Amino acid sequence: MEVILAVRKVTGQSLWRSRDLARQAPVTLVRGLSAYRAQSAVAVLQSAGARAEWRQEPEPGERTAPSP
């Protein structure tokens with residue numbers, strides 16, 4: 001329940017939608033946040049017991065290395 005409430009806090013979604021997102025993990029919860037806000041969201045989720053990480057999105061046109 002704590003993870004669902006943390007998802008709700010981070011996303012601003014309804015309790016029902018937050019529960020669905022938590023059950024669908026792994027899932028991207030939010031995009032387009034500043035590095036500070038993204039790291040804060042990760043901290044909120046982790047403090048509730050979720051496994052969360054922040055990934056910086058590549059700039060448009062930037063190539064990424066293929067996954068091994």
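Helix H1 (residues 2–11) packs against helix H2 (residues 15–23) with the two axes 8 Å apart and an angle of about 110 degrees between them. Axes here are lines fitted to C-alpha atoms, for helices over the stretch in contact, and angles run from 0 to 180 degrees between N-to-C directions; helices are DSSP runs of H or I with at least four residues, numbered from the N terminus. H1 is therefore roughly perpendicular to H2, a term covering angles of 65 to 115 degrees. The model is a predicted one, in which local features need pLDDT of at least 70 and side-chain atom pairs count only at pLDDT 80 or more, while totals for chains, interfaces and linings use all residues. Residues are numbered from 1 along each chain as its sequence is written, and side-chain values use heavy atoms, with hydrogens and water left out.

On the H1 side, Val3, Ile4, Leu5, Val7, Arg8 and Thr11 meet Leu15, Ser18, Arg19, Leu21 and Ala22 of H2, contact meaning heavy atoms within 4.5 Å. These residues of the H1 and H2 contact comprise 7 nonpolar, 2 polar and 2 charged. Nonpolar denotes Ala, Val, Leu, Ile, Met, Phe, Trp, Tyr, Cys and Pro, charged denotes Asp, Glu, Lys and Arg, and the others, Gly among them, are polar.

Arginine 19 also lies over the face of tryptophan 16, at 4.2 Å from the ring centre; the criterion is CZ of Arg, or NZ of Lys, within 6 Å of the ring centre and within 35 degrees of the ring normal.

The loop between H2 and helix H3 (35–47) contains proline 26.

H1 and H3 have axes that come within 8 Å and cross at roughly 165 degrees. H1 is thus roughly antiparallel to H3, the class for angles over 145 degrees. Ala6, Val7, Lys9 and Val10 of H1 meet Ala41, Val44 and Leu45 of H3. The residues of this contact divide into 6 nonpolar, no polar and 1 charged.

Key: Helices (H or I, at least four residues) and strands (E, at least two) are DSSP runs, numbered from the N terminus. Angles under 35 degrees count as roughly parallel, over 145 as roughly antiparallel, 65 to 115 as roughly perpendicular and the rest as oblique.
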